[in-house]
Each structure stands twice: as structure tokens, then as C-alpha cells.
Amino acid sequence: MTVDIVTMGEMLIDFVPLKKGLTLKDNEGFLRMPGGAPANVAVGTAKLGIKSAFLGKVGVDPFGDLLIDTLRENNVNVEGIVQSNKAKTTLAFVTLDEKGDRDFTFYRDPGADMLYDWDEVNLKLLKKARVFHHGSISLIDEPVRSTTLRMAETANDNGLIVSYDPNLRIPLWPDLKQAEKWIKKGLKTADLLKISEEELEFITGESSLKKGARKVMAEYNVKLIFITLGAEGSYFYNGLTEGMVSGFKVNAQDTTGAGDAFTAGILAQLINEDIDDLSRLDNITLKEMLKFSNAVGAITTTGKGAISSLPNLNSVRKFLKKTKI
């Protein structure tokens, strides 16, 4: 099976609370939801009609089996997933405030995803792929850090668009200096950067979107930057032009996976429109891309969990027809 996009990194189980506004200690019930940012992007693009594959490692345990089954059921190629009997599948317990915004507590010491080694990578999946996507969670520990960085370099060498999401999760890092060091290392091979407003300020020290984006482009070879602004929408910058598109107003239940859904929307459009040269995208095209991707993210927040809430292409089109910004 040929694939258009390969994603790589952590795949885990999110335990999402039945009630919002309670602490982890006070919540008595949780829903078991498959997740993990790169896995969310793999499923998100598959639901939008893209041939996707996932590379990573889970445990030899029921949760690992569930995750593999979930990807398979969502038409994601699972040939690149390996299972470890040395560590369990990572778990994340989520707390939600009244607006659906979330915080995470991870059980990952180590998680199987941290043990993914270069010798276990299925490089055949890259042969006809056009996009490689990864995040920064897989840059925290070895050996998966070296595996991820080498994979991004290999993708560069093979002419793929490298998409990168810093996806800062401070509790997982030993300290902020290490976080900054390795997140910036991931920028060195990135063609496309999807980043939140808070992450951009963490990396650049700039609160201005344009100044922060310009700073990233001046130091790294990033060609196109998308900045997500939560319910406010999103912003793009490519060195020549910039723009912002407002978000959609929805009844958000859980924002877990919204940024990954946005990323899936962007990458699906690049592949569907056969765009290999990111520099040829004009302002109008980029604003249309933002509108579509904002819709994918907004729809995802109306359900609980990430993968289970990701929309298909028909759902997004219907949403765009009936919903005004």
C-alpha cells in the first residue's frame, strides 16, 4: 500500500473525565480514548481522504492492541507500528475546565513510545510519501529522539515536506532549558511549522505573531508557519504575506486534539491540491486553507476525546456550508 503522509511519534490512551471542572483527584469516572498527537494527525488526514501511515511503538498490552486496532479501523497503515514487551503503552489522564480546555497527567516512565529505535523504522513507507509529520514529544527521550531527528533528515533528503508541531508539554520535560534546546533542534529540518501562540512565545520570546514568525524564519529554513489561536482562529506567515482567519463558534466539550485536527486539515489540503512548493501559496489560498482547517479543529472540540471526534471530509463540507464565522 502506498501512502501520501507518514506521521511518527507517540500514540497513547487519553482518559477523559466524565465531568468538566473537577480535579483529577475529584473525578470519579473517565472515558478511555485513543490519542497521541501524531496518531491524531494520521487518523485526521485519513478521515479527510488521504492515504496515511503511522510509525511508532506501543506496549504488548491491551491498550497497545486497542491503539493499533483503532488506527486500522480508521484506514491508517499500521505496518510501521512495533510493540514492546519492555514497557507499557503510555497513558494520559486529562482534566477539563468548564470551557473544555485541558491539562494532562502522564503515566510514561518509560512508555513504550520512548523506546522506538532506528532499527525498527519501516523506511519502505517513505518511498512514495509526500509529507512527513512529527512533534516534539518524541524529542524528549532517547532512543526515540535520535530516531525522530534522523527520520526528519531522511525525509528531507528524499524530498518530502517535513511538517513539525512543537506541541509543548512542560511536565514531560526535565527542565525548560532542555525543552527549548530540543524543540529548536526539531525546527532545523522543518518546512512547515504548526505552532500555538504560547509555543511561539516560548521559542522566540516574542508576543507578536509576526515578529515571532519572522524570528523563526530568520534562524531556520521553515517555509510556512501556521499559528493556532484557540477559539480566536489561526494565522499564517510565509515570509512574504500574512493573514488571519477567525475561528468558528461551537459548543466545545473537549479541546483535546483540536490542534492536531487543524494540522490534519492543512496537510490534507496540501496533498489533495498536489502542492509541493510551499512558497507558491498566495494569500487567498492560504486563507481558504485556514478556514477549512479551523472548521476541522472546531468540529473536533464538539465531542470527547481526539480520534473519536475527528470529522470526515463530508462533515467538514456540511459544517462550512451551514456555519458562519
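# Reading aromatic pairs, cores and backbone exceptions

User: Is Phe15 buried or exposed?

Analyst: Phe15 counts as buried, at 13% relative accessibility, because buried is taken to mean under 20% relative accessible area. Keep in mind throughout that this is a predicted model.

User: How should I read the geometry of aromatic rings, and how many aromatic pairs are there?

Analyst: A pair of aromatic rings is described by the distance of the centres and the angle of the planes. Rings pair if their centres lie within 6.5 Å, and planes over 60 degrees apart count as edge-to-face. Under this rule there are six aromatic pairs. One of them joins Phe15 and Phe63, which are edge-to-face, with 5.9 Å from centre to centre and 85° between the planes. Phe15 lies in strand 2 and Phe63 in helix 2, so this pair ties together parts that are 48 residues apart in sequence. Phe63, with a relative accessible area of 27%, is partly exposed, whereas Phe15 is buried.

User: Which other pair is edge-to-face, and which parts of the chain does it link?

Analyst: Phe226 and Phe262 also form an edge-to-face pair, with 6.2 Å between the centres and 70° between the planes. This pair again links distant parts of the chain, since Phe226 belongs to strand 11 (residues 224–228) and Phe262 to helix 7 (residues 258–272), 36 residues apart. Phe226 counts as buried at 0% relative accessibility, and Phe262 counts as buried at 3%.

User: Which residues form an aromatic cluster, and where does a charge sit over a ring?

Analyst: Phe15, Phe30, Phe63, Phe93 and Tyr107 form one aromatic cluster. Elsewhere in this tour, the charged end of Arg145 is placed over the ring of Trp182, at 4.0 Å from the ring centre.

User: What should I look for in a nonpolar core, and which residues have the most contacts inside the largest one?

Analyst: In soluble globular proteins, nonpolar side chains tend to be buried together. Here the largest nonpolar core has 51 residues, and Leu71, Phe226 and Leu270 are those with the most contacts inside it. Helix 8 (residues 283–301) supplies the largest share of this core, eight residues. Apart from this core lies another, of 28 residues, among them Leu193, Tyr220, Tyr235 and Tyr237. The surroundings of Phe226 can be followed residue by residue: leaving aside neighbours within four places in sequence, Phe226 is in contact with residues including Leu192, Ile195, Phe236, Phe262, Ile266, Leu286, Met289 and Leu290.

User: How do I judge the length of helix 8, and which residue caps its N-terminal end?

Analyst: An α-helix has 3.6 residues a turn, so residues three or four places apart point the same way. Helix 8 has 19 residues and reaches 27 Å from its first C-alpha to its last, close to the 27 Å expected at 1.5 Å a residue. The N-terminal end of helix 8 is capped by Asp282, a side-chain oxygen of which lies 3.3 Å from the backbone nitrogen of Ile284.

User: Which peptide bonds are cis, and which residues have a positive phi without being glycine?

Analyst: Most residues other than glycine have a negative phi, and most peptide bonds are trans. Against that background, the peptide bond from Asp109 to Pro110 is cis, with omega near -5°, and Pro110 is placed in the loop between strand 7 and strand 8. The bond from Glu142 to Pro143 is cis as well, with omega near 5°, and Pro143 is in the loop between strand 8 and helix 3. Asn167, which is not a glycine, has a positive phi of about 45°; Asn167 is in the loop between strand 9 and helix 4 and counts as buried at 9% relative accessibility. Asp274 has a positive phi near 55° and is found in the loop between helix 7 and helix 8.

Key. Residues are numbered from 1 along each chain as its sequence is written. This is a predicted model: local features need pLDDT of at least 70, side-chain atom pairs count only at pLDDT 80 or more; totals for chains, interfaces and linings use all residues. Side-chain values use heavy atoms; hydrogens and water are left out. Rings of Phe, Tyr and Trp (its six-membered ring) pair if their centres lie within 6.5 Å; planes under 30 degrees apart count as stacked, over 60 as edge-to-face and the rest as tilted. Helices (H or I, at least four residues) and strands (E, at least two) are DSSP runs, numbered from the N terminus. Buried means under 20% relative accessible area, exposed over 50%, partly exposed in between (1.4 Å probe, protein chains only). A charge sits over a ring if NZ of Lys or CZ of Arg is within 6 Å of the ring centre and within 35 degrees of the ring normal. A nonpolar core is a set of buried Ala, Val, Leu, Ile, Met, Phe, Trp, Tyr and Cys residues joined through side-chain atoms within 4.5 Å. Contact means heavy atoms within 4.5 Å. The expected span of a helix is 1.5 Å times one less than its number of residues. A polar contact is a pair of N or O atoms within 3.5 Å; within protein, one must be able to donate a hydrogen and the other to accept it, and residues adjacent in sequence count only if both atoms are side-chain atoms.
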